[in-house]
Amino acid sequence: MRLRRGILLAVLSLLLAHAAHAQRAPVHQSFDLRVPWAPEPVVVAGKVSLVYELHLTNEAQETLTLQRIEVIDEQQHVLAALAGGELTAAIGRADRAKGDDRVRMAPGITAVAYLSVPLAASSSVHLRHRIVYAGEAGQDSIVEAGNVTPSHRAALQLGPPLRGGPWVAIYDARWERGHRRVLYTTDGSVKLPGRFAIDWILLGPHGGFAKGKGETPQQWFGDGAEVIAVADATVASTGEGIAEPATLAEGAAHKVPLENAAGNYVALDLGDGRYAFYEHLKPGSIRVKTGQHVQRGDVIGQLGFTGESTGPHLHFHVSDANAPLAAEGLPYALKSFRTLGAYASIEDFAQGKPWTPARPPSTGEGFPAPLSVVDFGHSP
């Protein structure tokens, strides 16, 4: 009797152990994570970083709330982490959701996390993304995906696109409608041509960008300034025929079709799949033709107020295709400019206030910092 009871207990123990072993970890539908562009390092103010986007699509049948994004390397080192207000500020959505609504994602919604990941200068890493999120029941879950290997081809070194100064570099990755966050899907795939775009605006000796109220293009200090080739290159394409509004108010009153957003422009083929774009040029000012060879410092046109523009400036960016919109923006470095100072905020610039001088001004190369004020000297 005791033997049978012992055998029965042993069998039950084996069955229970098997049942426990057969239990599986919970599986959840969650996010599709993608990095559509292999980032290339960029040096801004002497620091190396990767600037790129993580696309997140909620493929679950419930609303998911983002709690945290971590960028990790193959040794599980956390290179960057976003949570709370930093996470909310880094998220963009096509439906223009505001505040905390940005991180609450209904089924089928896609969000874009605009990331800047610091790197050691010699790093060669494979990146992965760890997402912490909560479902409708409130329980936190984790998914890891979105693998990407950064490109480490030689950095692109360019001459200045303009002469003299002081010029202010208008851009900031945090601006919701700045170039860094404006996606285009004109050829069946999403692209970000302005990832590293800068709008260059000429300043007066003591700040301000125009004489008087700046109501006409001619009142702006930079109107008509010569724009120059940043490298020995071949003219890849030009776009002309866009008229310039007589006043800024007239320009603001008319919506510009997407095909005319760049205004009059020139694209230079820099080689190695890289193209430099000069946009919003003055009507009739373009001096080059497609197929023409230019040398660094050659004049190619004049700064103007055409296309989608709020005032006379030079929009300059580098991308991977001969297309103003259907291309990925690429990093680059500018050689030998003097940093004279910087604006504390875009509001100070817009109000015509003086910038804060650098003490002393510095000479260097790289990608100018946001709202920095620089002098390019004279081209060779």
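Which residues line the largest cavity? They are P36, E53, H55, L183, V190, K191, L192, R195 and E328. A cavity here is a set of points on a 1 Å grid over the protein atoms alone where a 1.4 Å probe fits but cannot get out, and lining residues have an atom within 4 Å of a point. The largest cavity holds about 30 Å³ of space. The structure has one cavity of 30 Å³ or more.

A word on the basis. This is a predicted model, in which local features need pLDDT of at least 70, side-chain atom pairs count only at pLDDT 80 or more, and totals for chains, interfaces and linings use all residues. Residues are numbered from 1 along each chain as its sequence is written, and side-chain values use heavy atoms, with hydrogens and water left out.

Now the overall fold. The protein has four helices and 23 strands (DSSP runs: H or I of at least four residues for helices, E of at least two for strands). Its C-alpha atoms fill a box of roughly 105 × 45 × 45 Å along the principal axes. Of the 380 residues, 48% are buried, meaning under 20% relative accessible area with a 1.4 Å probe, protein chains only. Contacts are heavy atoms within 4.5 Å. Among those between residues at least 6 apart in sequence, 71% join residues at least 24 apart.

Finally, one residue. S285 sits in the loop between β17 (274–281) and β18 (293–294). S285 counts as buried because its relative accessibility is 6%. Leaving aside residues up to four places away in sequence, S285 touches I300, G301 and Q302.

How values were computed: Buried means under 20% relative accessible area, exposed over 50%, partly exposed in between (1.4 Å probe, protein chains only). On a 1 Å grid over the protein atoms alone, a cavity is a set of points where a 1.4 Å probe fits but cannot get out, and a pocket is an open set with protein on both sides within 12 Å along at least five of seven lines; lining residues have an atom within 4 Å of a point. Grid points are joined across faces, edges and corners, and a volume is the space filled by probe spheres set on the points.
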